[in-house]
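Please read the points alongside the sequence and the coordinates.

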Amino acid sequence: MDLKRKAGEKAAKYVEDGMIVGLGTGSTAYWAILKLGELVADGLNIKGIPTSKNTEELAQKLGIPMLKMSEVNKIDVAIDGADEATANFALIKGGGGALLREKMIASIAKQFIVVIDPSKYVERLGQFPLPVEIITFGWEITSSQISLLGCKPILRRGNQAPFVTDNGNYIVDCYFDSIVDRDGMNTALNSIPGVVENGLFVDMADVLIIGRENGDAEVLSF
Ligand SMILES: O=C(CO)[C@H](O)[C@H](O)COP(=O)(O)O
């Protein structure tokens, strides 16, 4: 079985009747959402909060009832993918461009479950460029201020135009040699005027599920 699928489907087992569930974005979270769709069709009573417009569309197609972020003040469990994850559960997210909503939703989830394939499990963060969401106004200035933190920021592009997030912002993908002080970097990035949010998720994940070739998916709890 596809390793992303193994991880995603395992995460769906954490969802219980009556829960409000943060629905992540990307090709691993996809499998969790698909499984939840099946369970809902079989009578599971949950409400989803999507982390992106893509996920909202998917959940709608699957018949998963949804709430708006403004309608909730807590989320029971959020399930999402990651671009990198370490043994102490530090993450880089945002490869799919949904990092802002993903971080907001994870931050109010009682349990945040991260689903990955083994290629995402790394010793140290920073091989994957860190996505930083910035406002379009004066983005060049914001980007050059970000570069002073020791990275090379590259404006993410889509179809020959800058990629625009669900929130109407740009993303710069920041190439660091490595990110050692994750807390410090998170704070430093978010202190730059024009930065909306960055893809470092530190001390947020509670469970890391890694799809493994042999046997069941591996579950690590913090
Ligand atoms: O952060 C994300 C989207 O913003 C995704 O969770 C991350 O990019 C992993 O995606 P995938 O499971 O497709 O590899």
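1. The UniProt record, in an unreviewed entry, places the feature "active site" at E102. UniProt positions are given in the numbering used here, feature names are shortened, and annotations may be inferred rather than shown by experiment. This is a predicted model, in which local features need pLDDT of at least 70, side-chain atom pairs count only at pLDDT 80 or more, and totals for chains, interfaces and linings use all residues. Residues are numbered from 1 along each chain as its sequence is written.

2. E102 lies in helix 4; helices (H or I, at least four residues) and strands (E, at least two) are DSSP runs, numbered from the N terminus. E102 counts as buried because it has 31 C-beta neighbours inside 10 Å. The terms are set as follows: a residue is buried if 20 or more other C-beta atoms lie within 10 Å of its own, exposed if 12 or fewer, and partly exposed in between, with C-beta atoms placed from the backbone. Not counting residues up to four places away in sequence, E102 touches G24, T25, T51, D80 and K93, where contact requires C-beta atoms, placed from the backbone, to lie within 7 Å.

3. Helix 4 (residues 99–107) is largely enclosed by the rest of the structure, because 7 of its 9 residues are buried. The buried residues are L99, L100, R101, E102, K103, I105 and A106.

4. Two packed helices are described by the angle between their axes and the distance between the axes. Axes are lines fitted to C-alpha atoms, for helices over the stretch in contact, and angles run from 0 to 180 degrees between N-to-C directions. Helix 1 (residues 3–12) and helix 2 pack with their axes 7 Å apart, at an angle of about 45°. The two, helix 1 and helix 2, are therefore oblique to each other; angles under 35 degrees count as roughly parallel, over 145 as roughly antiparallel, 65 to 115 as roughly perpendicular and the rest as oblique. On the helix 1 side, the contact is made by K4, R5, G8, E9, A11 and A12, and on the helix 2 side by A29, Y30, W31, A32, K35, L36 and L39. By class, the residues of this contact divide into 8 nonpolar, 1 polar and 4 charged. Here Ala, Val, Leu, Ile, Met, Phe, Trp, Tyr, Cys and Pro count as nonpolar, Asp, Glu, Lys and Arg as charged, and the others, Gly among them, as polar.

5. Helix 2 (residues 29–41) and helix 3 (residues 53–62) have axes that come within 9 Å and cross at roughly 25°. That angle makes helix 2 roughly parallel to helix 3. I33, L34 and G37 in helix 2 meet T55, L58, A59 and L62 in helix 3. This contact of helix 2 with helix 3 has 5 nonpolar, 2 polar and no charged residues.

6. E56 also lies in helix 3. E56 is partly exposed, with 19 other C-beta atoms within 10 Å. Leaving aside neighbours within four places in sequence, E56 is in contact with P50 and M66.

7. F89 is not a glycine, yet has a positive phi of about 70°; F89 lies in the loop between strand 4 (84–85) and strand 5 (91–92). Q160 has a positive phi near 60° and lies in the loop between strand 8 (152–155) and strand 9 (170–175). F89 is buried, with 20 other C-beta atoms within 10 Å, whereas Q160 is exposed, with 5.

Technical notes. Contact = placed C-beta atoms within 7 Å.
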